[in-house]
Amino acid sequence: QVQLVESGGGLVQAGDSLRVSCAASGRIFSNFVMGWFRQAPGKEREFVAAIKWTNGITSAADSVKGRFTISRDNAKYTVYLQMDSLKPEDTAIYYCVGKTSLGAVPVPLTPAASGYDYWGQGTQVTVSS
């Protein structure tokens with residue numbers, strides 16, 4: 001079992017920057033992917049970005065490329081989402097996600113919510129215009 005705890009959400013103005021963090025704990029294997037999804041009011045949950053723990057390869061949604069950066073701190077088992085040039089449409093609850101496996105097949109970077117076994121409780125990000 002893996003626990004994910006997000007922090008760092010808040011209220012900012014359009015054009016501002018914000019960084020959210022997610023600390024992972026529990027039974028984590030080196031074959032590990034962490035990422036972020038978000039859900040705005042009245043909208044479906046959508047993929048934001050993800051990162052492979054072993055080599056740092058990342059994937060991001062087109063809507064955030066060039067503005068959001070995902071990174072990790074291996075020693076702290078923490079993943080970060082640096083959000084720059086925020087827009088009101090970025091307002092959402094941001095969920096940290098993770099998947100780990102003891103198997104030899106690498107856990108894939110996927111934009112599908114079904115690809116992740118563990119979810120955090122979410123942190124609210126609100127961008128005012």
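Which residue takes a positive phi in the hairpin of strand 7 and strand 8? Tyrosine 77 does, with phi near 50 degrees, and four residues lie between the two strands there.

1. **Before you start.** This is a predicted model, in which local features need pLDDT of at least 70, side-chain atom pairs count only at pLDDT 80 or more, and totals for chains, interfaces and linings use all residues. Residues are numbered from 1 along each chain as its sequence is written, and side-chain values use heavy atoms, with hydrogens and water left out.

2. Strands here are DSSP runs of E with at least two residues, numbered from the N terminus, and two of them pair if DSSP finds at least two bridges between them.

3. **Strand 8 and its partners.** Strand 8 (residues 78–83) runs antiparallel to strand 7, and six bridges join them. Aspartate 73 has threonine 78 as its bridge partner, serine 71 stands opposite tyrosine 80, and isoleucine 70 stands opposite leucine 81. Strand 3 also pairs with strand 8 in the antiparallel sense, again over six bridges. On that side, valine 20 is the residue opposite leucine 81. Five of the six residues of strand 8 are buried (under 20% relative accessible area, with a 1.4 Å probe and protein chains only), so this strand is largely enclosed by the rest of the structure.

4. **The nonpolar core.** The largest nonpolar core has 37 residues, and those with the most contacts inside it are Met34, Trp36, Val79, Leu81, Met83 and Tyr94. Such a core is a set of buried Ala, Val, Leu, Ile, Met, Phe, Trp, Tyr and Cys residues joined through side-chain atoms within 4.5 Å. Strands that each supply at least two residues include strand 4 (31–39), strand 5 (46–52) and strand 11 (123–128). Take a look at valine 79: beyond its neighbours within four places in sequence, its contacts (heavy atoms within 4.5 Å) include Val20, Met34, Trp36, Ile51, Trp53, Ile70 and Cys96.

5. **The disulfide.** A search of the whole structure finds one disulfide, a term used for a pair of cysteine sulfur atoms within 2.5 Å. Cysteine 22 and cysteine 96 form this link, with an S to S distance of 2.1 Å. Cysteine 22 lies in strand 3 and cysteine 96 in strand 9, so the pair ties together parts that are 74 residues apart in sequence. The torsion about the S-S bond is about -85 degrees, so the disulfide is left-handed. Both cysteines are buried.

6. **Two buried threonines.** Threonine 100 sits in strand 9 (residues 92–101) and counts as buried because its relative accessibility is 11%. Its side chain reaches the backbone nitrogen of phenylalanine 29 at 2.9 Å and the backbone oxygen of asparagine 31 at 3.1 Å. Threonine 110 belongs to the loop between strand 9 and strand 10 (118–119) and is buried too, at 18% relative accessibility. A polar atom of the threonine 110 side chain lies 3.1 Å from the backbone nitrogen of alanine 112. Leaving out residues up to four places away in sequence, threonine 110 touches Phe47, Gly115 and Tyr116.

7. **Serine 17.** Finally, visit the loop between strand 2 (10–13) and strand 3, where serine 17 lies. Serine 17 is partly exposed, with a relative accessible area of 40%. Its contacts outside four places in sequence include Val12, Gln82 and Leu86. The C-alpha atoms of serine 17 and lysine 87 are 9.9 Å apart, although the two residues are 70 apart in sequence.

Terms used
Buried < 20%, exposed > 50% of the residue type's maximum accessible area, 1.4 Å probe, protein only. Polar contact = N/O pair within 3.5 Å; in protein donor to acceptor, adjacent residues only side chain to side chain.
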